Amino acid sequence: MNLIYEESIRHSKAVPDFAQTDKYQVGMTLHGTVQDPNFVRFLEQVSKERAVAFSTQDFLILDLIHREQKLTEPLKPRVAELLEQGVVERVARGKFVLSRKFYSFVGQKGVYTRKRGLDRETNKALLLKHIQENAGEGTKLGELLQVLPALGTDTVRWMLRELQSEERVHVVGRTSAARWYPGPGKGLG
């Protein structure tokens, strides 16, 4: 079974579909169309350059990341090896993209930038700009999450704490009533 998955992904084909399986029989559909030939060539190049052999789990991880799908828990331990090999990059906690090298290889550097997202300082600048533009009434966390919808709540809170420690913003209130304002504040919040 692993070989079927590995060969499907290695050739950039959709993973086998077991939708027709029930408790009495296994129904499997194999897809024959190559979805992304560049993905196949890239993996072949990395394999040659680094003298690495990708495991079935590696192929599953790479396929999920390539299709922007969430990684399952059993696959997560293998990600560290792929990060070390430079095949994938961490964007945020639990979120990965194929490396800049892949997008350069396929001539899509702009796609890489979009998928990778903005760097941390740019994201912090966007949060600060929104807070400054709403200085009169303050800004709730929910609005700040709308500014950076690709980032999780914890990441946005972490950036706000950084801005606060840099004395660029301050918070007034607690919980859902809290509002963010520009500047160091006056010991409020």
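**Exercises on burial, salt bridges and a pocket**

I65, at 6% relative accessibility, counts as buried (under 20% relative accessible area; exposed is over 50%, partly exposed in between, with a 1.4 Å probe and protein chains only). The model is predicted, with local features needing pLDDT of at least 70 and side-chain atom pairs pLDDT 80 or more, while totals for chains, interfaces and linings use all residues. Residues are numbered from 1 along each chain as its sequence is written, and side-chain values use heavy atoms, without hydrogens and water.

**Exercise 1.** Determine which element holds I65 and how many residues of α3 are buried.

*Solution.* Step 1: I65 belongs to helix α3, residues 56-66 (helices are DSSP runs of H or I with at least four residues, strands runs of E with at least two, numbered from the N terminus). Step 2: nine of the 11 residues of α3 are buried, among them F59, L62 and I65. Step 3: just after α3, E68 takes a positive phi of about 60°.

**Exercise 2.** Describe the salt bridge between R78 and D58 and the accessibility of each partner.

*Solution.* Step 1: a salt bridge requires a side-chain nitrogen of Lys or Arg within 4 Å of a carboxyl oxygen of Asp or Glu; the N to O distance for R78 and D58 is 2.8 Å. Step 2: R78 is in the loop between α3 and α4 (79-84) and D58 in helix α3, 20 residues apart. Step 3: R78 is partly exposed at 26%, whereas D58 is buried at 1%.

**Exercise 3.** Trace the salt bridges of E166 and identify the network that contains this residue.

*Solution.* Step 1: E166 pairs with K124 at 2.7 Å, N to O. Step 2: E166 lies in the loop between α9 and β3 (169-172) and K124 in helix α7, so the pair ties together parts 42 residues apart in sequence. Step 3: E166 also forms a salt bridge with R168, with the closest N and O atoms 2.9 Å apart. Step 4: through shared partners, R120, E121, K124, E162, E166 and R168 are joined into one network.

**Exercise 4.** State the volume of the largest pocket and the class make-up of its lining.

*Solution.* Step 1: the largest pocket holds about 540 Å³ of space. Step 2: 25 residues line the largest pocket, and V91, A92, L118, N123 and L151 are the closest to its centre. Step 3: α9 gives the largest share of the lining, five residues. Step 4: the lining has 11 nonpolar, three polar and 11 charged residues. Step 5: the terms rest on these rules: on a 1 Å grid over the protein atoms alone, a pocket is an open set of points where a 1.4 Å probe fits, with protein on both sides within 12 Å along at least five of seven lines, and lining residues have an atom within 4 Å of a point. Asp, Glu, Lys and Arg count as charged, Ala, Val, Leu, Ile, Met, Phe, Trp, Tyr, Cys and Pro as nonpolar, and the others as polar.

Notes
Points joined across faces, edges and corners; volume = space filled by probe spheres on them.
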